[in-house]
Amino acid sequence: MRRSTRARRSPGNARSKRLLAVVGTLVVFGGIVAVTQISSAQDRRTNNPRPASAQCVEPSPGATAPSGRGSTTRTWQNGRWVRNHWGDGQQSVAECEQVKEGGAMGGSAIACPDVTAKLPQVPARTRAEVDRNLALLQTQIAEADRRLAAEGSKGENFVRNSILQPLASKRRATLERITIAIDRAGPRPQGLGQLAECQVAPTGNTGGGNNGGNTGGNTGGNTGGNSGGNNNGGNNNGGNNAPGAGLGVLANNCDNSQLEPHNGFQNGNRCVSTEFGEVGAAANNPSLLITQFPDQVGRNQAFTLRVSTRNLVRDRFLAAGQGGYYVESSLLNEQGLVRGHFHTACRMLDNLNAAPEPQEVPAFFVATEDGRGSAQPDEVTIQIPGLPESGTAQCSVWAGDGSHRLPMMERANQTPAFDSVRIEVN
């Protein structure tokens with residue numbers, strides 16, 4: 001019964017000799033909500049040019065690792081490698097400058113062959129020992145990475161003799177322990193010793209963040225458990241980066257999509273071409289919190305949730321059932337606050353140890369558009385007529401823009417405007 005919360009948004013401005021004013025008045029019919037309004041989109045604006053990609057800027061708060069050594073690390077979790085992007089994965093100014101300089105050791109990382117992909121089925125009785133040694137391999141890479149960052153400027157011979165060769169020796173011993181552990185209970189893995197040698201690879205070409213990973217710099221972050229770069233575009237596009245993207249951009253429109261266009265109704269397997277719209281400043285991004293809720297209720301017993309919102313102007317709701325879903329770009333008002341509404345839903349959880357089925361219709365749902373909301377927090381009381389089943393209910397609230405998307409945030413390391421609580425239904 002804990003909560004999470006946060007997110008915000010602010011204005012934009014327009015500049016150009018040819019200013020196109022595009023605005024209409026949209027009559028909005030709220031089928032789900034009690035309050036429906038006519039809203040004006042106010043003034044529109046032209047696109048501002050993108051800032052120069054070559055400039056290294058101070059990262060957002062919390063964007064880099066606490067040790068300051070890189071914005072991306074990888075850890076071994078539940079039998080696979082997982083990429084962990086500290087905060088929003090921004091590079092420090094020093095990291096950025098290294099990449100810009102593009103020297104032999106600038107913007108480089110230790111890249112090693114993928115070990116997990118070469119392993120046979122690991123017997124359950126040796127899994128813990130194998131996992132420990134796989135994690136040790138990652139620790140060895142991280143240590144070598146730190147030394148490369150600190151002393152890589154001493155030249156190629158130093159890096160080869162003082163960093164890569166000692167790393168290969170450590171890896172060889174660890175790989176031998178993995179081989180022996182698996183051999184005790186299953187088929188002996190072949191050729192693991194050949195994976196000891198590592199290299200230095202430019203981070204801009206791997207898609208694997210600052211570590212380059214356990215992947216060999218040429219595989220683009222296709223890590224042991226098929227996690228990471230292979231699913232995120234690093235496999236083929238690591239060197240074709242859009243400015244600041246870190247990975248090649250696979251698509252930013254529906255031109256090459258094989259799916260039919262989205263039509264504003266609640267259908268899947270469609271491609272949405274609507275522009276994202278306006279993103280506010282961090283201090284103006286919406287946030288919300290469930291401030292009052294019961295721990296227990298009876299079946300079919302009415303109860304209330306009290307919801308506090310901030311920076312969400314609740315005056316835009318394009319009814320999804322009437323084709324208003326994902327069709328309008330996100331809009332800000334004159335104060336730079338998101339125009340939209342918020343949703344409340346309660347669903348019964350069949351299993352508290354596994355993510356629920358996503359397609360199930362919740363036991364309760366309402367969208368609230370009441371014409372209120374500002375930069376100051378206010379509260380709304382949601383009346384819930386009761387839940388028909390016994391068990392644990394998850395009641396959630398989340399902000400939406402006019403077309404039901406969770407409002408965008410200025411920074412990736414902000415918490416979105418979402419909160420949930422658990423309620424026992426007896």
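User: How many disulfides are there by this rule?
Analyst: The count comes to three disulfides, where a disulfide is a pair of cysteine sulfur atoms within 2.5 Å. This is a predicted model, so local features need pLDDT of at least 70 and side-chain atom pairs count only at pLDDT 80 or more, while totals for chains, interfaces and linings use all residues. Residues are numbered from 1 along each chain as its sequence is written, and side-chain values use heavy atoms, with hydrogens and water left out.

User: OK, which cysteine does cysteine 112 join?
Analyst: Cysteine 112 is joined to cysteine 198, with 2.1 Å from S to S. The pair links distant parts of the chain, 86 residues apart: cysteine 112 is in the loop between β5 (108-111) and α2 (127-151), and cysteine 198 is in the loop between α3 (156-185) and β6 (199-202). Helices (H or I, at least four residues) and strands (E, at least two) are DSSP runs, numbered from the N terminus.

User: Is that link right-handed or left-handed?
Analyst: The link of cysteine 112 and cysteine 198 is right-handed, with 110 degrees about the S-S bond.

User: And what about cysteine 254 and cysteine 271, right-handed or left-handed?
Analyst: That link is left-handed, at -90 degrees about the S-S bond. Cysteine 254 sits in the loop between α5 (234-237) and β7 (260-261), and cysteine 271 in strand β8 (residues 270-271), 17 residues apart. Their sulfur atoms are 2.0 Å apart.

User: Why does cysteine 271 count as buried?
Analyst: Because its relative accessibility is 16%, and buried means under 20% relative accessible area, exposed over 50%, partly exposed in between (1.4 Å probe, protein chains only). Cysteine 254 is buried too, at 18%.

User: Which cysteine pairs with cysteine 346?
Analyst: Cysteine 346 is joined to cysteine 395, S to S 2.1 Å. The pair links strand β13, which holds cysteine 346, to strand β16, which holds cysteine 395, 49 residues apart. The torsion about their S-S bond is about 110 degrees, so this disulfide is right-handed. Both cysteine 346 and cysteine 395 are buried.

User: Switching to pockets: which strands each supply at least two residues of the lining of the second largest pocket?
Analyst: β13 (338-349) and β16 (391-401) do. The largest share, four residues, comes from β13. A pocket here is an open set of points on a 1 Å grid over the protein atoms alone, where a 1.4 Å probe fits, with protein on both sides within 12 Å along at least five of seven lines; lining residues have an atom within 4 Å of a point.

User: How many residues line the second largest pocket?
Analyst: The lining has 22 residues, and Ala345, Glu360, Pro362, Phe365 and Trp398 lie nearest the centre. The lining divides into 13 nonpolar, six polar and three charged. Ala, Val, Leu, Ile, Met, Phe, Trp, Tyr, Cys and Pro count as nonpolar, Asp, Glu, Lys and Arg as charged, and the others, Gly among them, as polar.

User: One more spot: where is arginine 306?
Analyst: Arginine 306 is in strand β11 (residues 303-310). Arginine 306 is partly exposed, with a relative accessible area of 31%.

User: What does arginine 306 touch?
Analyst: Leaving out residues up to four places away in sequence, arginine 306 touches Leu289, Ile290, Thr291, Gln292, Glu379, Val380 and Thr381. Contact means heavy atoms within 4.5 Å. Arginine 306 and glutamate 379 are 73 residues apart in sequence, but 6.5 Å apart in space, C-alpha to C-alpha.

User: And how many helices and strands does the protein chain have?
Analyst: Five helices and 17 strands. Of the 426 residues of the chain, 44% count as buried.
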